[in-house]
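Dear colleague,

Please find below the structure that I am handing over to you. My notes on what was found in it follow.

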Amino acid sequence: MAKNAGCLAVFARARHLCARAYTDAMNTVVPHLFRPGDGALPPALTGRDVQQAVLSRCLADLVAGFAPPHDVVLLGPRGNGKTTLLNWFKGVCAKKSVDVVALTPRRVPMHEALAEALGPRRGIAKWLPRAAHTDLTGALTARCRRRPLAVLVDEAHTLDSKIGGTLLNVSQEVRADAPFLLVLAGTPGLPDRLREMDASFWSRLAEGLLGVGRLDDASARAALSEPLQAHGVGIDADALDAVIEHSQRYPYFIQLWGDALWKQRTTADATPIDAAAVASARPTVVAQVADYYQSRYDELRAEGVLAAAKAVAPLFQARINATAQEHELDVALAKAGIEDAAGRLLALRALNRLGYVWRPPGQMPPIAWSAGIPSLMTFVLEAGSKLGPCL
Ligand SMILES: Nc1ncnc2c1ncn2[C@@H]1O[C@H](COP(=O)(O)OP(=O)(O)OP(=O)(O)O)[C@@H](O)[C@H]1O
Ligand SMILES: [Mg+2]
């Protein structure tokens with residue numbers, strides 16, 4: 001009996017040491033488990049099943065040697081994960097040996113950027129003459145017939161209309177004959193920009209128009225708890241509730257929280273994250289969020305729409321899932337003193353372009369507006385009242 005108890009104690013001790021060594025090792029080798037940053041692939045990419053399924057279907061077409069039936073547009077306010085999705089797609093394309101050219105509009109002119117990006121790297125410099133846009137269709141078609149290609153354009157809301165127009169037309173023409181896919185990602189200002197380039201583009205997107213907004217509740221929780229669990233760290237239910245509430249289910253803030261909670265753990269710490277740990281990480285996160293909100297506030301001010309931003313804030317502020325109809329926004333803007341209808345429309349377009357409010361695509365009518373981040377609206381209202389009219 002005593003011998004058995006002794007064995008069990010030794011076994012339990014060994015198991016405890018192993019678990020501790022495992023946690024130590026994980027903490028040691030992964031200083032940055034979470035990825036607050038620009039397009040950084042998070043440790044758990046959650047809540048993007050629909051977007052990933054559409055992109056995967058397009059990839060399957062390319063692999064089979066067909067053109068997908070449509071281009072893809074990823075649309076969402078800043079910090080929700082558009083670049084992340086593009087990076088994820090780049091990775092899955094690489095696994096299937098589909099060539100990818102990733103561009104941003106800073107690389108102009110676009111056809112030269114394409115030639116440069118494809119030519120030397122792929123050893124096929126000759127296929128794309130550095131000539132007029134009209135040559136691009138033939139050259140791309142010939143090239144894609146040999147090997148499928150996906151072109152990803154991030155920050156597409158800053159595309160020059162002429163270059164963007166060419167790109168949309170070229171994409172349509174190449175897709176008629178060869179396995180080619182164009183993916184554009186941009187803020188909610190992107191539709192206005194694309195409409196300037198090609199009005200018919202929108203009617204051809206079908207399921208390819210995809211919103212990238214804040215996560216649903218289950219996905220937000222999984223984005224935080226799954227990576228912790230994978231490293232042997234639990235999180236108490238009330239601690240998780242507190243983090244999710246403060247994060248507003250906004251992907252960037254979830255990464256900030258995860259990072260702060262992860263970094264305050266000592267290497268030997270195997271206890272679950274509790275409310276006290278959340279309280280101690282909170283000042284770090286609150287300061288980072290305040291910096292972020294201050295820059296968004298400055299942006300609204302620089303664009304001349306701070307008054308409009310304050311006017312619509314009460315419709316959304318403090319309610320995570322609040323939505324509003326366009327006429328409610330219009331009434332709020334009128335009450336704030338923007339008297340003419342054209343001025344109110346311009347203000348609303350600017351707030352939409354900045355992702356302060358937006359209309360997620362794929363809704364059943366009546367189409368509703370949502371807040372980019374509800375707690376930003378509280379910040380805008382409070383910063384205004386504290387800082388006074390000098391701002
Ligand atoms: N599905 C997700 N789950 C958890 N975290 C995510 C998810 N998608 C993105 N993130 C994280 O959110 C942050 C912002 O992502 P990203 O830079 O891709 O946003 P964005 O929409 O491209 O923003 P911007 O418009 O400013 O370029 C990153 O830290 C990223 O790791
Ligand atoms: Mg981005």
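Are Arg143 and Asp99 buried or exposed? Both residues are buried. Please bear in mind throughout that this is a predicted model.

**Salt bridges**

The side chains of Arg143 and Asp99 form a salt bridge, with an N to O distance of 2.4 Å. This pair connects distant parts of the chain, since Arg143 belongs to helix 5 (residues 133-146) and Asp99 to strand 2 (residues 99-103), 44 residues apart.

Across the whole structure, a search finds 16 salt bridges. Another of them joins Arg57 to Glu207, whose closest N and O atoms are 3.1 Å apart. Here too the pair links distant parts of the chain: Arg57 lies in helix 2 (residues 49-63), while Glu207 lies in the loop between helix 7 (190-197) and strand 5 (209-211), 150 residues apart.

Asp259, in contrast, has a relative accessibility of 10% and so counts as buried. As for networks, salt bridges with shared partners join Asp99, Arg143 and Arg147 into one.

**The surroundings of ligand 1**

Which residues are the closest to ligand 1? Of the 24 residues that surround the ligand, the closest are Arg35, Gly39, Ala40, Lys82 and Thr84. By residue class, the shell around ligand 1 consists of nine nonpolar, nine polar and six charged residues.

Several contacts involve oxygen atoms of the ligand. An oxygen atom of ligand 1 is 2.5 Å from a polar backbone atom of Ala40. An oxygen atom of the ligand is also 2.8 Å from an N or O atom in the side chain of Thr83. For the side chain of Asp38, the corresponding distance between an N or O atom and an oxygen atom of ligand 1 is 3.5 Å. On its own, ligand 1 has 640 Å² of accessible area, and the protein covers 96% of that area.

The shell can also be described by the elements that contribute to it. Helix 3 (82-95) and helix 10 (251-263) each provide at least two of its residues. In terms of domains, at least three residues of the shell come from each of domain 1 (2-43 + 215-295) and domain 2 (49-211).

**Pro361**

One further residue may be of interest to you. Where is Pro361 found? This proline is in the loop between strand 7 (357-358) and strand 8 (369-371). Pro361 has a relative accessible area of 22%, so this residue is partly exposed. The C-alpha atoms of Pro361 and Val212 are separated by 9.1 Å, although the two residues are 149 residues apart along the chain.

Yours sincerely

Notes
Residues are numbered from 1 along each chain as its sequence is written. Chains are lettered from A and ligands numbered from 1 in the order in which they are written. This is a predicted model: local features need pLDDT of at least 70, side-chain atom pairs count only at pLDDT 80 or more; totals for chains, interfaces and linings use all residues. Side-chain values use heavy atoms; hydrogens and water are left out. A residue is near a molecule or strand if one of its heavy atoms lies within 4 Å of it. A polar contact is a pair of N or O atoms within 3.5 Å; within protein, one must be able to donate a hydrogen and the other to accept it, and residues adjacent in sequence count only if both atoms are side-chain atoms. Accessible areas come from the Shrake-Rupley method with a 1.4 Å probe; for residues, only the protein chains shown count as cover. Helices (H or I, at least four residues) and strands (E, at least two) are DSSP runs, numbered from the N terminus. Ala, Val, Leu, Ile, Met, Phe, Trp, Tyr, Cys and Pro count as nonpolar, Asp, Glu, Lys and Arg as charged, and the others, Gly among them, as polar. Domain bounds come from an automatic or database domain assignment. A salt bridge is a side-chain nitrogen of Lys or Arg within 4 Å of a carboxyl oxygen of Asp or Glu. Buried means under 20% relative accessible area, exposed over 50%, partly exposed in between (1.4 Å probe, protein chains only).
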